[in-house]
Amino acid sequence: VAQYDVVSIRNDFPILEREIFGKPLVYLDNAASTQHPVQVINAVKDLYENNYSNVHRGVHTLSQESTNLYDGARVAVRGFINAACVHEVIFTRGATESINLVAQSYARPRLQKGDEILITHMEHHSNIVPWQMVCEQTGAELKVVPISDKGELEMDRFAELLTEKTKLVSVVHVSNALGTVNPVKQIIDAAHAVGVPVLVDGAQAVPHIPVDVKALDADFYVFSGHKIYGPTGVGVLYGKERLLSEMPPYQGGGDMILSVSFEKTTYNQLPYKFEAGTPNIAGVVGLGAAIHYVQKIGLPAIAAHEHGLLEYATHKLEEIDGLRIIGKAGQKAGLISFVLDAVHPHDIGTMLDGEGVAVRAGHHCAQPVMERYGVPATARASFAMYNTFHEIDMLAEAIQKTIQMFE
Ligand code: PMP
């Protein structure tokens, strides 16, 4: 087995050479957004320098080249998540837009008073608010699976809350606030046994663990480009063809039609039906390059490396007096949320920045999680394929220094 070559991976990410306040950057805010390898930067640059034009429109050479690159990214995503076919891959602005699309185009026409949508207590706001909106619009009700003190879903409560009233289950694969990896296969199987479809929010899963939508039998699976080394403003909605075909368009405009007249407009086939208007061409091309990059390194290798970092960091941080880790699930990926007795999370963030260490401090767009554990916010160190064990040492040292400063 080849050694995991973190040095050569780091060489692909120019920003990792940055210094912050004269100290080497230790970038541990990857759950918010990852950095970009030159392969992604160059793919976008090459497009603009050599091939750029609008897609799916022109017969001229540049438009065809742009279209080929754009469609090529869809092929890459299909392979990456093992969708049955390319037209099950819809490009959106991100995980947020993908969830809103499903809420409005799939759920809204099917919901009425008395129906229920089932989510969990550890969802990101983007997997809460779209469902609250559609419940408001239809009179349906939102039900929430509770979480344990360790940060795991209470699966017996899930089983009780899944009833004949449930019309859709929407669940996060990996929690951005706790790092918990949820048993999504088990959830999908249980929901399917009673005929309920499942949306999986994979924003924090795809960068860290291999995902196979066919093996999961997920009905919808969503993620964002910028959390998997790609550009912002681009994301993916995977949906089963049968479901996507039955859904009305989310937005109207160019590209999503076959013909338009004032008497009758007919919609385009999948995936274009859901891609109204000129898409984020460079974003999609960049995402394609990011996926090729991740595949080149290999998700099993990345997952193993990051798991090592997680275990090492957990051990290191647990040794620190007055530090409490929020979220101690048996299955975790990618991150550690923590609080200090003596220092507010925002001050932790500021102090660590002074040491060159970038972490997130806040509620992580998961306020119900903060409420559940009785904390206003947490500090969160989140990992990517390029992080090192030395950087974990730097993190731990910077935390120790912060505590001493506040004593
Ligand atoms: N779900 C999860 C679990 C996330 O972590 C995020 C981003 N923090 C989102 C959804 C939303 O992603 P985006 O803002 O890229 O649409």
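User: Which residues in α2 meet which residues in α3?

Analyst: A word on the source comes first: this is a predicted model, in which local features need pLDDT of at least 70 and side-chain atom pairs count only at pLDDT 80 or more, while totals for chains, interfaces and linings use all residues. Residues are numbered from 1 along each chain as its sequence is written, and side-chain values use heavy atoms, with hydrogens and water left out. With contact meaning heavy atoms within 4.5 Å, Leu47, Asn50 and Asn51 in α2 meet Leu62, Glu65, Ser66 and Leu69 in α3. By class, this contact has three nonpolar, three polar and one charged residues.

User: How do the axes of α2 and α3 cross?

Analyst: Two packed helices are described by the angle between their axes and the distance between the axes. Here the axes, lines fitted to C-alpha atoms over the stretch in contact, with angles from 0 to 180 degrees between N-to-C directions, come within 10 Å and cross at roughly 165° for helix α2 (residues 38-51) and helix α3 (residues 61-81). That makes α2 roughly antiparallel to α3, since angles over 145 degrees count as roughly antiparallel and those under 35 as roughly parallel.

User: At what angle do helix α4 and helix α5 pack?

Analyst: Helix α4 (residues 95-110) and helix α5 (residues 129-138) pack at about 25°, with their axes 9 Å apart, and α4 and α5 are therefore roughly parallel to each other. Among the residues making the contact are Ile99, Val102 and Ala103 of α4 and Trp131 and Val134 of α5; the residues of this contact divide into seven nonpolar, four polar and one charged.

User: How many residues does the largest nonpolar core have?

Analyst: In soluble globular proteins, nonpolar side chains tend to be buried together. A nonpolar core is a set of buried Ala, Val, Leu, Ile, Met, Phe, Trp, Tyr and Cys residues joined through side-chain atoms within 4.5 Å, where buried means under 20% relative accessible area (1.4 Å probe, protein chains only). The largest such core has 80 residues, and Val77, Phe91, Val169, Tyr221, Tyr229 and Tyr386 are those with the most contacts inside it. Its largest share, ten residues, comes from helix α10 (residues 281-297). Apart from this core lies another, of 27 residues, including Ile99 and Ile128.

User: Is Asn182 buried or exposed?

Analyst: Asn182, in the loop between β7 (166-172) and α7 (184-193), is buried, with a relative accessible area of 4%. Leaving aside residues up to four places away in sequence, Asn182 touches Met122, Leu153, Val171, Val172 and His173.

How values were computed: Buried means under 20% relative accessible area, exposed over 50%, partly exposed in between (1.4 Å probe, protein chains only). Helices (H or I, at least four residues) and strands (E, at least two) are DSSP runs, numbered from the N terminus. Angles under 35 degrees count as roughly parallel, over 145 as roughly antiparallel, 65 to 115 as roughly perpendicular and the rest as oblique. Ala, Val, Leu, Ile, Met, Phe, Trp, Tyr, Cys and Pro count as nonpolar, Asp, Glu, Lys and Arg as charged, and the others, Gly among them, as polar.
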